[in-house]
Every structure is written in C-alpha cells, then in structure tokens.
Amino acid sequence: MSRYLDLLITDGDFTLNSGHEPQRCKERVSITQDCAHALLESGLLTRLVAERSPTLRADLLMQITLLLEEDERLIPGTVLVSEETAKRLWVTAQTYDFGRIEMSPRYDEQTRD
C-alpha cells in the first residue's frame with residue numbers, strides 16, 4: 001500500500017491514461033508534485049519574475065527554501081534552490097523515505113494566467 005497517492009498533474013491538467021481516466025502517482029512523484037504546487041500557490045515565483053535586485057532575488061530564493069523545508073516529508077537542510085536560467089529554478093531535496101526529489105519550475109509561465 002502506498003503512503004502518498006495523488007492524481008498526476010501535467011501542465012496544469014490531469015494526465016489521462018489510455019482509458020481516458022486520471023493517472024495516479026505515488027510516493028516520490030507525489031511529494032515532488034506537492035512541493036511544486038506549494039511553490040505555485042505561494043506566489044513567490046510570480047514575485048521572482050519582476051524582481052531585478054540581486055539582494056531581493058536572493059531573499060525570495062531563501063523564502064522558497066524555507067517554504068519547502070516546512071514539508072514534513074523532506075529532510076531539513078537538504079533543500080537546495082538555485083536559478084538554472086533567468087526563467088527557471090532548479091530545486092532538489094532529500095526525502096526521509098523515498099530518496100532525492102528534483103524539480104525545475106519555470107516561473108515565466110506563471111505570468112500568462
């Protein structure tokens with residue numbers, strides 16, 4: 001039995017299987033997806049889009065790190081957030097039970113909604 005089970009979301013919509021039913025994800029994928037959604041819902045990525053000050057950008061990256069470290073499934077101190085490009089972050093963290101998670105949220109797409 002899986003400890004963490006969720007519906008898989010891709011590009012803001014349910015991912016459907018061959019029977020046109022929502023596909024499920026579990027464990028590490030579910031945790032990664034939850035962390036990505038927490039970032040999107042926090043509004044921090046949207047603020048990062050407009051911020052040009054290196055000092056304030058560093059502050060936002062620290063806020064993102066602290067937000068993710070609140071997740072009880074992640075080992076505190078293992079969350080690393082860096083800017084891969086000007087419009088994309090690279091986030092890694094270690095979970096207690098399922099190994100390393102990685103995600104690369106693009107925050108330029110947040111401004112389209």
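Is D97 buried, exposed or partly exposed? D97 is partly exposed, at 47% relative accessibility (buried is under 20% relative accessible area, exposed is over 50%, partly exposed lies in between; 1.4 Å probe, protein chains only).

The model is predicted: local features need pLDDT of at least 70, side-chain atom pairs count only at pLDDT 80 or more, and totals for chains, interfaces and linings use all residues. Residues are numbered from 1 along each chain as its sequence is written, and side-chain values use heavy atoms, with hydrogens and water left out.

**View 1. The R3–D97 salt bridge.** R3 and D97 form a salt bridge, with 2.4 Å between the closest N and O atoms (a side-chain nitrogen of Lys or Arg within 4 Å of a carboxyl oxygen of Asp or Glu). R3 sits in the segment before β1 (5–7) and D97 in the loop between β6 (88–94) and β7 (100–103), so the bridge ties together parts 94 residues apart in sequence. Helices (H or I, at least four residues) and strands (E, at least two) are DSSP runs, numbered from the N terminus. R3 is exposed, at 52% relative accessibility. The model's salt bridges number six.

**View 2. R73 between two aspartates.** D34 and R73 meet in a salt bridge, 3.1 Å from N to O. D34 belongs to helix α1 (residues 27–42) and R73 to the loop between α3 (54–69) and β5 (80–85), so this pair ties together parts 39 residues apart in sequence. D34 is partly exposed, with a relative accessible area of 27%. R73 is buried, at 14% relative accessibility. R73 also forms a salt bridge with D71, 2.8 Å from N to O. Both R73 and D71 are buried. Shared partners join D34, D71 and R73 into one salt-bridge network.

View 3. The model has one aromatic pair (Phe, Tyr or Trp rings, the six-membered one for Trp, with centres within 6.5 Å; planes under 30 degrees apart are stacked, over 60 edge-to-face, the rest tilted). The ring centres of Y4 and F98 are 6.0 Å apart and the planes stand at 80 degrees, so the pair is edge-to-face. Y4 lies in the segment before β1 and F98 in the loop between β6 and β7, 94 residues apart. F98 is partly exposed, with a relative accessible area of 21%. The charged end of R73 sits over the Y4 ring, 5.1 Å from its centre (NZ of Lys or CZ of Arg within 6 Å of the ring centre and within 35 degrees of the ring normal).

**View 4. T32 and its contacts.** T32 lies in helix α1. T32 is buried, with a relative accessible area of 16%. Neighbours within four places in sequence aside, T32 is in contact with I101, E102 and M103 (heavy atoms within 4.5 Å).
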